[in-house]
Amino acid sequence: MQFSIIIPVYNRPQEVDELLESLCHQTIKDFEVVVVEDGSTEKCEAVCQKYADRLPVNYYFKPNSGPGPSRNYGAERSEGEYLIILDSDVIVPDNYLEIIKKELEREPCDAFGGPDRAHPSFTLIQKAINYAMTSFFTTGGIRGGKRKMDKFYPRSFNLGIKKSVFEALGGFAPMRYGEDIDLSTRIFKGGYSCRLFPEAFVYHKRRVKFSSFFRQVKHSGEARVILKNKYPETFKLVHLLPAAFVVGNLILVALGLFCHWIWFVPILLYCLLVFIDSLLKNKSLKVAALSIPAAYCQLFGYGTGFLSAAWRDILSKKQPSQTEKS
């Protein structure tokens, strides 16, 4: 068997239903599906049973431990040569596995990843959030965009890796956030080949409210500080930009309130840039308008998460050890 698709899930049976339905339509059939229920109270076992006659799906339930250990749990019980890690909130195109197979035949590699897109059925907010997470003007294109400010690191919503390499690296680290970037970093540090498959995209639903989206990216900002401390050589300027964006906007607002309205011009220009770019990409005035608050949620969420974690890190280093106290 060539592919084992690993899907950790926590209280999202409807999402698993949609993902499994999309997997039923794959143009190649040499794969298995491993669904790992991470201690959910809303189980998706019945959903998996519904597809038992259409998909080679294996369902497992385990106590809650987070997505990383759940993916490791699924990998241990898989049989494929390659593991494909998907989040439960994605939908895959019919030719998803076919594209991956052709890419591996064209140029074999140890690990790979693909970008994400918005499906036509997504809500306006989901499309706006997708823009915020994929645009060069928000994330610097580091999530698989054509223009980018850093090399591509596969992420767990759409990540593939040889099972033998996954096992050699010890799988995902026991981190609550940033565990996928940690694994990608260890792939590169281990000397393994890793590529972006630009056409092997998934439709990523993400969050349906700006408030939950803000919390999600705030955790990502916090995780970046942990990763910086763990792998200092991987820290790049692009990772600092959201924090600079937060500080810069706050300074501009303060100057605008107490000095002159002209200080608001850079903010207005950025909003106009996001609006026009989103309009060209999404062909929707409503999505373009919603892309402005989505972009601010993405940048302020990540930026404030980074700043708060960095401040805690600085304070912890200033605290004297027990030996110093005595």
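Which residues touch the most other members of the largest nonpolar core?

## The largest nonpolar core

In this predicted model, the residues in question are Leu 20 and Ile 100, within a core of 35 residues. Several elements give two or more residues to this core: the strands β1 (3-9), β2 (31-38) and β4 (82-86), and the helices α1 (13-23), α2 (45-50) and α4 (96-106). Helix α4 supplies the largest share, with 5 residues.

Leu 20 is in contact with Ile 7, Val 33, Val 47, Cys 48, Tyr 51 and Leu 55, leaving aside its neighbours within four places in sequence. Another core lies apart from the largest one. This other core has 16 residues, and among them are Leu 83, Ile 85, Ala 111 and Phe 172.

## Helix α3

Helix α3 covers residues 67-76. Its buried residues are Gly 68, Ser 70, Arg 71, Asn 72, Gly 74 and Ala 75.

What do the buried residues of α3 pack against? Their partners include the strands β1, β2, β3 (57-62) and β4. The helices α7 (163-169) and α8 (179-189) are also packed against by these buried residues.

## Helices α5 and α9

Helix α5 spans residues 124-134 and helix α9 spans residues 210-230. Their axes come within 11 Å and cross at roughly 25°. An angle under 35 degrees counts as roughly parallel, and α5 and α9 are therefore roughly parallel to each other. The crossing in which α5 passes α9 is right-handed.

On the α5 side, the residues that meet α9 are Ile 125, Ile 129, Ala 132 and Met 133. On the α9 side, they are Phe 210, Phe 213 and Val 217. The residues of this contact divide into 7 nonpolar, no polar and no charged. As a general point, an α-helix has 3.6 residues a turn, so residues three or four places apart point the same way.

## Lys 218

Helix α9 also holds Lys 218. Is this residue, Lys 218, buried or partly exposed? Lys 218 has a relative accessible area of 27%. Buried means under 20% and exposed means over 50%, with partly exposed in between, so Lys 218 is partly exposed.

Not counting residues up to four places away in sequence, Lys 218 touches Gly 301, Tyr 302, Thr 304, Gly 305 and Ser 308. The C-alpha atoms of Lys 218 and Ala 309 are separated by 9.8 Å, and these two residues are 91 residues apart along the chain.

Notes
Residues numbered from 1 in each chain as written. Predicted model: local features only at pLDDT ≥ 70, side-chain atom pairs only at ≥ 80, totals over all residues. Heavy atoms only, no water. Axes fitted to C-alpha atoms, helices over the stretch in contact; angles between N-to-C directions. Helix = DSSP H or I, 4+ residues; strand = E, 2+ residues; numbered from the N terminus. Parallel < 35°, antiparallel > 145°, perpendicular 65-115°, else oblique. Left-handed = near helix turned anticlockwise from the far one by under 90°. Contact = heavy atoms within 4.5 Å. Nonpolar A, V, L, I, M, F, W, Y, C, P; charged D, E, K, R; others polar. Buried < 20%, exposed > 50% of the residue type's maximum accessible area, 1.4 Å probe, protein only. Core = buried A, V, L, I, M, F, W, Y, C linked by side-chain atoms within 4.5 Å.
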